[in-house]
Amino acid sequence: MSAEYGWAANSVVEYELVLANSSIIQVNKNNHPDIYKVLQGGGNNYGIVTAYKVQVYQQGEVWGGNYVFNATDGTNKALMKAVRDFTEYNEDEKAGIILTAVSAVGGLLDIWVMFLYYNGPEPPQGVFDNFTDIKPWVNNCKTRGYADLLSFNNWAVVK
């Protein structure tokens with residue numbers, strides 16, 4: 001595993017499940033496909049999962065970073081609309097956002113910090129346009145290794 005890339009889980013391919021009668025079964029898409037489908041969706045009424053196997057793949061470069069916006073009435077409304085639209089209309093499973101409100105210096109500084117992520121070296125045109133159109137005053141998004149993106153975001157960890 002490289003520090004630049006790393007490994008990422010794709011999906012659970014098999015579960016070891018203890019049933020109510022104490023029998024243990026291996027559940028995958030070929031063996032107990034109905035239970036497998038339920039477990040993929042988070043169902044927990046069929047037994048206790050005691051082990052699982054995941055499919056992994058090597059993670060290449062990703063695009064991501066932060067946008068920072070001043071919290072003003074206009075920006076607040078525009079961001080809420082943009083987040084709503086992204087949540088409702090974005091169909092690109094590789095794109096993700098986390099928006100956080102930050103109040104610092106005893107309330108003298110009110111900002112929005114948005115963490116953006118695209119699971120690929122560059123997002124397609126238009127994926128994050130609703131946010132860039134609001135004109136963040138900080139935009140440090142770029143292509144980088146996954147580990148670099150994660151360690152870069154440590155600036156936001158409150159110690």
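Leu150 is partly exposed, with a relative accessible area of 46%, where partly exposed covers the range between buried (under 20%) and exposed (over 50%), taken with a 1.4 Å probe and protein chains only. This residue belongs to helix H4, residues 146-152; helices here are DSSP runs of H or I with at least four residues and strands are runs of E with at least two, both numbered from the N terminus. The C-alpha atom of Leu150 lies 9.1 Å from that of Gly65, although 85 residues separate the two along the chain. The model is a predicted one, in which local features need pLDDT of at least 70 and side-chain atom pairs count only at pLDDT 80 or more, while totals for chains, interfaces and linings use all residues. Residues are numbered from 1 along each chain as its sequence is written, and side-chain values use heavy atoms, leaving out hydrogens and water.

Turning to the whole chain, 4 helices and 8 strands are found, in the order β-β-α-β-β-α-β-β-α-β-β-α from the N terminus. Of its 159 residues, 30% are buried. Contacts (heavy atoms within 4.5 Å) between residues at least 6 apart in sequence join residues at least 24 apart in 70% of cases.

The interior comes next. A nonpolar core is a set of buried Ala, Val, Leu, Ile, Met, Phe, Trp, Tyr and Cys residues joined through side-chain atoms within 4.5 Å. The largest one has 16 residues, and Tyr67, Phe128 and Phe131 have the most contacts inside it. Strand S4 (62-70), helix H2 (73-89) and strand S6 (109-118) each give two or more residues to this core, with the largest share, 4 residues, coming from S6. Leaving aside residues up to four places away in sequence, Tyr67 touches a set of residues that includes Trp112, Met114, Phe128, Phe131 and Cys141. A second, separate core of 8 residues has Tyr15, Ile25, Val27 and Tyr36 among its members.

Strand S6 also takes part in a pairing, which requires at least two DSSP bridges between two strands. It runs antiparallel to S5 (residues 95-104), and 10 bridges join the two. Within this pair, Ile98 stands opposite Phe115 of S6. The two strands form a hairpin with 4 residues between them, and Val105 in the turn has a positive phi of about 55 degrees.
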